[in-house]
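Here are some notes to read alongside the model, written for someone meeting it for the first time. Please keep the viewer open and follow the points in order.

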Amino acid sequence: MADFEFRPGDGPIGGEFLGVDAAAPMSDATFAEIEDLFYDRSVVVFRDQDLTPQQLVAFSARFGTLQPNVRAEIQNPDAPEITLISNITENGKAIGSRDAGRYWHSDLCYLGEPSKLTLLHALEVPERDGVAYGDTRFASAPAAYDALPDEMKARLGESKAANSYRYMWNRKAREFGVRPVLSDEELKQYPEDAIHPIVRTHPVTGRKCLYVCEGYTSRIDGMPEAESDALLQDLFAHAIKPEFVYRHNWRLGDLLVWDNCAVQHKATFDYPPELRRRMQRCAVEGAVPF
Ligand code: SIN
């Protein structure tokens, strides 16, 4: 029997581990128990983690092979498997991504083999008067699929959609003004679109998951543009209905782990620039969605 406590949340996703030290040696049996609970709840938090970058890398690697981000400039220079997410500027330079999580998305869905899961560790949380800001919201993809009307499930069938890093880039650049607008030629340094099933099967739980997101899903393969745009807008709105959503209110030292097939997520930018937010993140490789 493992000596940690696990408290599942109220909704379809979310749960809290207490009494786990992610930096300490852990038996395979204990890790397997943790992994089972994680896949059952899709997003879980380990409280009170004091982790160096190397310790975060070591714990993340228990879940699989690490997958560095496509943007080298937001990697931790001493540990390239780690991406920094922060609103902090040092010596006139942003120390990490300042606009990650602006749109609902599933991590690295724009690659042929998107991330299986992501770990995000809170090093600094924006706080004022005892209130923590900068929550992250997660929406359950199996719950969203299950709730689709039967006619929609039949309509989606085996359809596929393009997930596009390049489509995201200039929308984000123009909307938030943090990254530069790039020419078509400059965008070619980033991955080509990945075509994935709109309804994918979870490789561990076998559940069907709605796999489209406003951040990256640009068009339904083989469908006229107007029809594709209208259907995608409907699916984006459906996927994030409040009954599918868990909202994580961060505490210093939280290590959150989420399943990128089973959830999509979005950060909340509700804090002023003088309140610092600094997170370190690792992603774990996944397989081709089916
Ligand atoms: C992300 O989208 O990975 C960032 C989430 C966050 O900063 O809350």
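1. Lys 266 and Glu 214 form a salt bridge, with 4.0 Å between their closest N and O atoms. Lys 266 belongs to strand E19 (residues 263-267) and Glu 214 to the loop between E15 and strand E16 (217-220), so the pair ties together parts that are 52 residues apart in sequence. Glu 214 is partly exposed, its relative accessible area being 25%. A salt bridge here is a side-chain nitrogen of Lys or Arg within 4 Å of a carboxyl oxygen of Asp or Glu. Buried means under 20% relative accessible area, exposed over 50%, and partly exposed in between (1.4 Å probe, protein chains only).

2. A word on the basis of these notes. This is a predicted model, in which local features need pLDDT of at least 70 and side-chain atom pairs count only at pLDDT 80 or more, while totals for chains, interfaces and linings use all residues. Residues are numbered from 1 along each chain as its sequence is written, and side-chain values use heavy atoms, with hydrogens and water left out. Helices (H or I, at least four residues) and strands (E, at least two) are DSSP runs, numbered from the N terminus.

3. E19 also takes part in a sheet. This open sheet has 3 strands in the order E17-E11-E19, with antiparallel pairing. Its edge strands are strand E17 (245-248) and E19, each of which pairs on one side only. From one strand to the next, the twist averages 20°. Strand E11 (residues 136-140) and E17 are joined by 4 bridges, and Thr 136 stands opposite His 248 in E17. Two strands are said to pair if DSSP finds at least two bridges between them.

4. Now look at the sheet of 8 strands. It is open, with mixed pairing, and its order is E1-E2-E3-E18-E8-E20-E5-E4. At the edges are strand E1 (5-8) and strand E4 (75-76), each pairing on one side only. Strand E8 (residues 115-124) runs antiparallel to strand E20 (residues 278-285), with 8 bridges joining them; Glu 124 stands opposite Arg 278 in E20.

5. Is E18 mostly covered or mostly open? It is mostly covered, with 5 of its 5 residues buried. Leu 255, Val 257 and Asp 259 point one way from E18, while Leu 256 and Trp 258 point the other way. In a regular strand, side chains alternate between the two faces of the sheet. E18 is joined to E8 by 5 antiparallel bridges, and Leu 120 stands opposite Leu 256. E3 and E18 pair in the antiparallel sense over 4 bridges, where Val 43 has Trp 258 as its bridge partner.

6. Helix H2 (residues 53-61) lies across several strands, including strand E3 (43-46), strand E5 (79-86) and E20, and runs at about 30° to E20. Axes are lines fitted to C-alpha atoms, for helices over the stretch in contact, and angles run from 0 to 180 degrees between N-to-C directions.

7. Which parts make up the two domains? Domain 1 is 5-100 + 107-127 + 249-262 + 272-285, and domain 2 is 140-239; the bounds come from an automatic or database domain assignment. Their contact takes 18 residues from domain 1 and 27 residues from domain 2, contact meaning heavy atoms within 4.5 Å. The area buried between them is about 1800 Å², with 65% from carbon and sulfur atoms. Buried area is the accessible area (1.4 Å probe) that two parts lose on being put together, summed over both.

8. The count between domain 1 and domain 2 is 1 salt bridge. The side chains of Arg 179 and Asp 99 meet in a salt bridge (2.8 Å, N to O).

9. Arg 47 counts as buried at 12% relative accessibility, and Glu 16 counts as buried at 14%. Glu 5, Arg 7, Glu 16, Arg 47 and Asp 254 are linked in a network of salt bridges.
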